[in-house]
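Thanks for making time, everyone. Please look at the structure on the screen while I talk.

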Amino acid sequence: MTATDSLAGWLGARSDAQLVTLLLLRPDLAVPLPSSMGVLAARAEQRASVLRAAEDLNTLEFAVVETLAIQRMTHTADDGGIHCAELRAQLGERAPATAIDDALNRLTARALVWIDDQHRLHLVPAAGEALPWPLGSATEIPDALTESEVVAALTELAPTERGLLDKLATTGPRGRTRDAAPNTPADRPIQRLLARRLVHRIDDETVELPVTVARVLRREPVVHPYQLTPPRPSPTKHTPAAVNAVAAGEVGELVRRCATVLEVMGRTPAVALRAGGLGVRELRRIAKHTGMDEPTVALFVELLAAAKLVDKGMPDPPPEFDSTDGFWAPTPAADTWLESPPARRWSVLALTWLDLDRMPWMIGMRDATDKPLAALSLELRAPHAASDRRAILGLLAEYPSGTALDPTDIGRVLAWRQPRRRRNFRSEAIERTLAEATTLGIAGHGALGSAARALLHATATSATDAEAEMMAALPEPVDHVLVQADLTVIAPGPLTMDLQHRMALVADVESAGAATVYRISEPSVRRAFDAGSTAAELHRLFAEHSRTPIPQALTYLIDDVARRHGRLRAGVAQSFIRSDDPALLAHVLSAPVANTLALRSIAPSVAIAQAPLGELLEQLRVAGFAPAGEDAAGSIVDLRPRGARVSVRPAAQRSYRPAPPSAEQLESLVAELRAGERAARVRSTQAVRTDGSRTNVAATLALLQLAARVRRSVNIGYVDAQGIATQRVVEPLRVDSGQLEALDPVTGAVRRFTLHRIASVALLE
């Protein structure tokens with residue numbers, strides 16, 4: 001590291017690669033482009049920028065910051081500089097020398113620390129304000145109780161004493177009281193807390209809550225700032241095959257249950273709350289119809305909505321009841337998702353969850369006004385949710401496959417790595433996040449599966465490796481079933497896509513899991529006939545795919561339903577019915593349902609109705625008949641109700657956030673910055689500063705033409721299209737058509753400058 005006597009000089013002595021690294025770590029310094037190293041140094045010292053740059057520092061790096069901050073306070077005359085060797089001596093007993101050097105490298109790379117001519121370290125002034133603990137905590141030996149001692153002491157407190165501690169933990173570590181004086185009776189709550197060392201006495205009227213006690217009360221990870229080495233978790237080992245098997249089993253349940261949620265919401269769209277969320281009553285209804293618990297349904301609804309498989313709007317067909325606030329219903333994209341392979345369906349939901357800026361596990365909790373948080377509500381949004389989620393899973397990914405970590409250990413490690421964000425890693429948050437990861441098949445036995453490890457490196461548009469890993473972990477689809485004598489059908493594994501659709505048509509799912517059990521009944525067989533299947537096709541389905549003999553009861557059931565099905569035909573008149581058996585049609589016309597449907601005979605074998613065809617079929621079936629729908633050609637048509645779909649709304653307009661510059665762009669910016677610095681250092685002779693008048697413009701043009709003829713470099717002041725003024729040294733080559741064509745000596749490239757944007761020109765000595 002090159003030494004200088006100021007931050008601006010130190011930045012100027014850095015290499016181009018080091019400056020590019022600085023701008024990558026702190027992109028806010030590059031917008032707009034600084035005109036000189038002095039401007040860059042001034043931006044690097046701004047409080048907001050410093051706090052943003054310190055967000056990801058770990059405990060050791062903050063300990064270095066704290067040491068330099070204390071040195072700065074005690075040595076104001078020389079700006080608090082400290083030699084590297086002295087810093088290593090102060091922290092060397094608690095951290096390895098290599099770790100201290102790595103911390104210094106990270107701090108200097110972010111320009112939070114710089115080095116002067118005497119090789120002393122200097123701290124950017126605002127960096128001391130970024131400390132996540134009171135100044136001095138990382139340099140003083142802790143005398144507070146341990147975490148286990150605090151937990152034991154809290155169980156013995158009276159309600160009044162516990163209430164005082166909870167108040168301090170919520171509002172702030174210090175509180176004022178008259179009971180802190182030494183002559184206060186020992187039976188007072190504050191005195192009992194002082195005796196147990198659960199609070200510290202500051203003076204006769206002030207007490208302070210120790211850091212360890214406050215974090216235990218808030219269920220935050222307990223890591224003392226004095227500890228400069230990361231905590232060592234106690235991992236639990238599982239075989240990678242066992243983890244992948246558990247994850248694959250959860251994925252099978254995930255795609256099946258999400259499909260069920262889409263079916264239920266398509267059949268009866270959920271009424272949206274006025275604020276846009278999904279109410280408790282609707283969530284409870286979906287849970288009842290899907291057979292799942294409400295937290296699981298809430299998670300799935302959040303994922304489906306984030307993946308745009310569910311959206312808010314007016315479904316088509318519209319529901320029978322009105323709602324001015326809209327409905328939550330599946331989108332057309334849900335049909336494509338349902339037809340995709342299981343691994344693809346999983347990757348869509350898993351990637352959505354990884355980047356979700358919401359916390360579904362908070363649904364049902366109480367907000368500040370003591371109201372329950374609703375699913376899909378704005379209150380669930382948390383900008384740090386995705387980064388925290390990836391931090392938790394990223395820590396698991398650092399360990400070998402099959403390694404699980406205790407949530408408490410995960411919280412301690414992450415709190416040590418990111419102490420400014422330690423409150424995000426409370427035990428509850430980590431436990432709920434891991435529970436969601438397990439439900440989504442990302443984790444099994446608390447460890448990451450092979451597909452999840454690949455998923456962490458995937459993008460929103462490409463998750464091929466993760467899908468391949470999941471496809472290998474999922475059991476192979478089977479193309480056979482086991483038909484039982486009691487008319488149940490057992491699928492000994494996930495069925496092939498075609499067989500699954502055909503079985504769902506002719507049978508109802510009785511129980512789902514690794515082996516799905518279907519139940520065949522008269523209504524389910526009639527449903528298959530209504531969809532256009534024939535008796536011969538159903539007999540052939542079971543004959544080809546059953547590994548067990550076909551029971552006679554199933555054969556009789558199919559033939560019996562087929563014999564009665566379709567003898568009565570319904571069409572549109574609004575609708576009509578016809579039958580080759582006049583006696584059967586006469587029986588229908590004499591039934592009470594005829595009055596309900598306004599049936600009228602127009603021939604011995606034909607009658608018409610004023611009711612729509614769907615209602616006609618439904619009423620006749622309720623009355624005990626078995627009609628079939630037909631089209632104009634007399635063919636059986638599938639008139640089963642379709643799930644509602646809502647059109648996807650255009651993406652809401654978001655606040656513009658410019659993408660961070662790439663390394664190539666930053667290299668160009670650094671070159672521009674170097675050019676500006678060079679222009680500021682050179683000495684000029686003849687100069688012209690234009691004021692817009694014709695005389696000055698002519699003088700500027702003449703000076704540039706002279707420089708092009710004699711091959712002299714000039715220092716020009718230029719204002720770009722964004723209004724940013726810079727100084728640069730160039731060698732004019734040609735002046736023509738309102739453009740200056742000049743060679744940039746820094747980059748070696750030929751550049752063009754618009755003449756009316758040139759504010760000044762000066763020949764160089």
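First, the ground rules. This is a predicted model, with pLDDT of at least 70 needed for local features and 80 or more for side-chain atom pairs, while totals for chains, interfaces and linings use all residues. Residues are numbered from 1 along each chain as its sequence is written, and side-chain values use heavy atoms, with hydrogens and water left out.

Start with the helices. Helices (H or I, at least four residues) and strands (E, at least two) are DSSP runs, numbered from the N terminus. Two packed helices are described by the angle between their axes and the distance between the axes. Take H17, residues 385-397, and H18, residues 407-417. Their axes come within 11 Å and cross at roughly 110 degrees. Axes here are lines fitted to C-alpha atoms, for helices over the stretch in contact, and angles run from 0 to 180 degrees between N-to-C directions. H17 and H18 are therefore roughly perpendicular to each other. The cut-offs: under 35 degrees is roughly parallel, over 145 roughly antiparallel, 65 to 115 roughly perpendicular, and the rest oblique.

Which residues of H17 and H18 meet? From H17 come Ala-391, Ile-392, Leu-395 and Leu-396; from H18 come Ile-410, Val-413, Leu-414 and Arg-417. By class, that contact has seven nonpolar, no polar and one charged residues. Nonpolar covers Ala, Val, Leu, Ile, Met, Phe, Trp, Tyr, Cys and Pro; charged covers Asp, Glu, Lys and Arg; the others, Gly among them, are polar.

Gln-418 counts as buried, at 15% relative accessibility. Buried means under 20% relative accessible area, exposed over 50%, partly exposed in between (1.4 Å probe, protein chains only). Leaving aside residues up to four places away in sequence, Gln-418 touches Asp-56, Leu-57, Ala-391 and Phe-425. Contact means heavy atoms within 4.5 Å.

Now the rings. How many aromatic pairs does a search of the whole structure find? One. Tyr-718 and Phe-753 are edge-to-face, 5.1 Å centre to centre, with 75 degrees between the planes. For Phe, Tyr and Trp (its six-membered ring), a pair needs centres within 6.5 Å; planes under 30 degrees apart are stacked, over 60 edge-to-face, the rest tilted. Tyr-718 lies in strand E24 (residues 714-719) and Phe-753 in strand E27 (residues 750-754), so the pair ties together parts 35 residues apart in sequence. Both Tyr-718 and Phe-753 are buried.

Two arginines sit over tryptophan rings. The charged end of Arg-345 is 5.8 Å from the ring centre of Trp-337. For Arg-389 over Trp-353, the distance is 5.0 Å. The test is NZ of Lys or CZ of Arg within 6 Å of the ring centre and within 35 degrees of the ring normal.

Next, backbone angles. Arg-197 is not a glycine, yet its phi is positive, about 65 degrees. Arg-197 is partly exposed, at 44%. Leu-487 also has a positive phi, near 65 degrees. Leu-487 is buried, at 17%.

Ser-524 is in helix H23 (residues 522-530), with 0% relative accessibility. Pro-732, in strand E25 (residues 725-736), is also at 0%. Pro-732 and Ala-742 are ten residues apart in sequence and 4.1 Å apart in space, C-alpha to C-alpha.
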